[in-house]
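Here is a briefing on a predicted model. Please read it with the structure open beside you.

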There are 2 protein chains.
Amino acid sequence: MMQSEFNKTKVCIADKHFIHRLGVKTILSVIGIEPDLYEADSLETTLSCLSEINDVKYLIVAQDVLHPKLNKSLRKIKNQNPNAKLLVVCDGPCQAVPGAKLITENDTRQEVLEKFQNFFFHSEPESTDNDSALLSERETEVLKTVALGYSNKETAEKLFISINTVISHRKNITEKLGIKTIAGLTVYAVMHDLIKPEDVKA
Amino acid sequence: MMQSEFNKTKVCIADKHFIHRLGVKTILSVIGIEPDLYEADSLETTLSCLSEINDVKYLIVAQDVLHPKLNKSLRKIKNQNPNAKLLVVCDGPCQAVPGAKLITENDTRQEVLEKFQNFFFHSEPESTDNDSALLSERETEVLKTVALGYSNKETAEKLFISINTVISHRKNITEKLGIKTIAGLTVYAVMHDLIKPEDVKA
DNA sequence: CCAAAAATCCCCATTTATAGGGATAAATAC
DNA sequence: GTATTTATCCCTATAAATGGGGATTTTTGG
């Protein structure tokens, strides 16, 4: 059968949850693919899997394996395996991932199967996006501190500058990023791996 | 075989994600159970499933289907089906659920299979544990709106209440959660799947 | 039915944040 | 070597958040 080409192909499934990996594996057998299968249950095992095993062509990864270092991790993975195809299975809050196909929790059985088939049997090049680091070093420091939940005053004390300076930096940050809410800055900082969510002040 | 007793038993799988339901179904067949199977992909369909179909004995539910009304929903389910057994499959940050077995993303294949077997073949009463100070429905709404980057005033307008009420709710939220910064509330809301990070106001 | 919890609203005072408008010294870029 | 960005600081005024004290009505549980 046509799918036999996949019988030597290396596929890695990265999901912390055994049940979820099992679901993916079942789908693979449903659409008639029996590849060399590798499983990873963390970002670390995923990366070591990719580095130890050559030519992993298909990577099916749960977003929570990547989160919160999503973008950085994807860059790593893309660097290590430039020709790997990426399928991201989102659970709950998800964001589009450059150069990857997305399956969300809202996809029906039909949609999921179609996306899996497309993933394996079609190969359109994905778009690469613009990753801009437009903040200055000091602005980044201020952003980080504010996103961690510190007030302007506290940020000033932490960075040994006047509160006026903090406010100035924040004006620039707001203008450059187009983000004016603290909630938005926090999400931005977490998503860009500037802060760890568990470090955010209560 | 011994499992044949389950061939008439009614089991409901509630998970938004088709892949996850598929994983659960595969496990059932692995441990040799072929029950009357019902699937639900939301809290609503779960509840209607339970009310329309009598004697659903086993309910396997993803935590995200319940959240954020977790405890309330569980109470509802327990009320409607007092003798139903509950297996909660957590994904990501999870909290203990009174009267239910828990499967977490850290469980290995072995542990998952054992827990499923225990779930179906043994019936110890579950321990009820400390009900961590959870937020009321309205408080959750306020938390979500604030975490999305809306000011108290905007939140009041969105929820059709006075700003004083918003402030009152926020006081309760701060007290219950021990989180006083907007950054912290945002992280909490994202981590508990109350909001999607991409929805946070810039 | 009664007690507790939840949801709604109000006042006051203080602290922070935001939105304008600026300025100056030092480093970077072209 | 001049132009630009960066980092620092200041002022004013308004808007918003916080912390403290309340109150009332409705819902919910036992």
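Chain A holds an open sheet of 5 strands, paired in parallel, in the order β2-β1-β3-β4-β5. The edges belong to β2 (36-40) and β5 (101-103) of chain A; each has a single partner strand, so one side of each has no neighbour in the sheet. On average, neighbouring strands of this sheet are turned by 20° against each other, direction ignored.

**Sheet of chain A**

- Strand β4 (residues 85-89) of chain A runs parallel to β5(A), and 3 bridges join the two.
- In β5(A), the residue opposite V89(A) is I103(A).
- Helix α5 (residues 109-121) of chain A packs on the sheet. Helix α5 touches β1 (10-14), β3 (56-62), β4 and β5 of chain A.
- The direction of this helix makes about 160° with that of β5(A).

**Sheet of chain B**

- Chain B has an open sheet of 5 strands with parallel pairing, in the order β2-β1-β3-β4-β5.
- Its edge strands are β2 (36-40) and β5 (101-103) of chain B, and each pairs on one side only.
- Neighbouring strands here are turned by 20° against each other on average, direction ignored.
- Strand β3 (residues 56-62) and strand β4 (residues 85-89) of chain B pair in the parallel sense over 5 bridges.
- Y58(B) has K85(B) as its bridge partner in β4(B).
- As a general point, strands of a sheet pair through backbone hydrogen bonds, either parallel or antiparallel.

**Contact between chains A and B**

- Chain B brings 46 residues to the contact, and chain A brings 44 residues.
- About 3,500 Å² is buried between chain B and chain A. Carbon and sulfur atoms give 68% of that area.
- Which three residues supply more than any other three of the area that chain B buries against chain A? They are F18(B), I19(B) and A202(B), which supply 18% of it.

**DNA strand D**

- There are 18 residues around DNA strand D. Those that come nearest are S136(A), S162(A), T165(A), S168(A) and K171(B).
- Sugar or phosphate accounts for 67% of the atoms of DNA strand D within 4 Å of the protein; the rest belong to bases.
- The side chain of R138(A) has an N or O atom 3.0 Å from a phosphate oxygen of DNA strand D.
- By class, the residues near DNA strand D divide into 8 charged, 8 polar and 2 nonpolar.

**DNA strand C**

- DNA strand C has 17 residues around it. K171(A), S136(B), S162(B), T165(B) and S168(B) come nearest.
- Of the atoms of DNA strand C that come within 4 Å of the protein, 67% belong to sugar and phosphate.
- A phosphate oxygen of DNA strand C lies 2.5 Å from a backbone N or O atom of S162(B).
- The side chain of N164(B) places an N or O atom 3.1 Å from a phosphate oxygen of DNA strand C.
- In the side chain of H169(B), an N or O atom is 3.1 Å from a phosphate oxygen of DNA strand C.
- At least two residues of the surface near DNA strand C come from each of α7 (152-159) and α8 of chain A and α6 (137-147) and α8 of chain B.
- Which helix gives the most to the surface near DNA strand C? α8(B) does, with 5 residues.
- The surface near DNA strand C has 7 charged, 8 polar and 2 nonpolar residues.

How values were computed:
Residues are numbered from 1 along each chain as its sequence is written. Chains are lettered from A and ligands numbered from 1 in the order in which they are written. This is a predicted model: local features need pLDDT of at least 70, side-chain atom pairs count only at pLDDT 80 or more; totals for chains, interfaces and linings use all residues. Side-chain values use heavy atoms; hydrogens and water are left out. Two strands pair if DSSP finds at least two bridges between them. Helices (H or I, at least four residues) and strands (E, at least two) are DSSP runs, numbered from the N terminus. Axes are lines fitted to C-alpha atoms, for helices over the stretch in contact, and angles run from 0 to 180 degrees between N-to-C directions. A residue is near a molecule or strand if one of its heavy atoms lies within 4 Å of it. A polar contact is a pair of N or O atoms within 3.5 Å; within protein, one must be able to donate a hydrogen and the other to accept it, and residues adjacent in sequence count only if both atoms are side-chain atoms. Ala, Val, Leu, Ile, Met, Phe, Trp, Tyr, Cys and Pro count as nonpolar, Asp, Glu, Lys and Arg as charged, and the others, Gly among them, as polar. Contact means heavy atoms within 4.5 Å. Buried area is the accessible area (1.4 Å probe) that two parts lose on being put together, summed over both.
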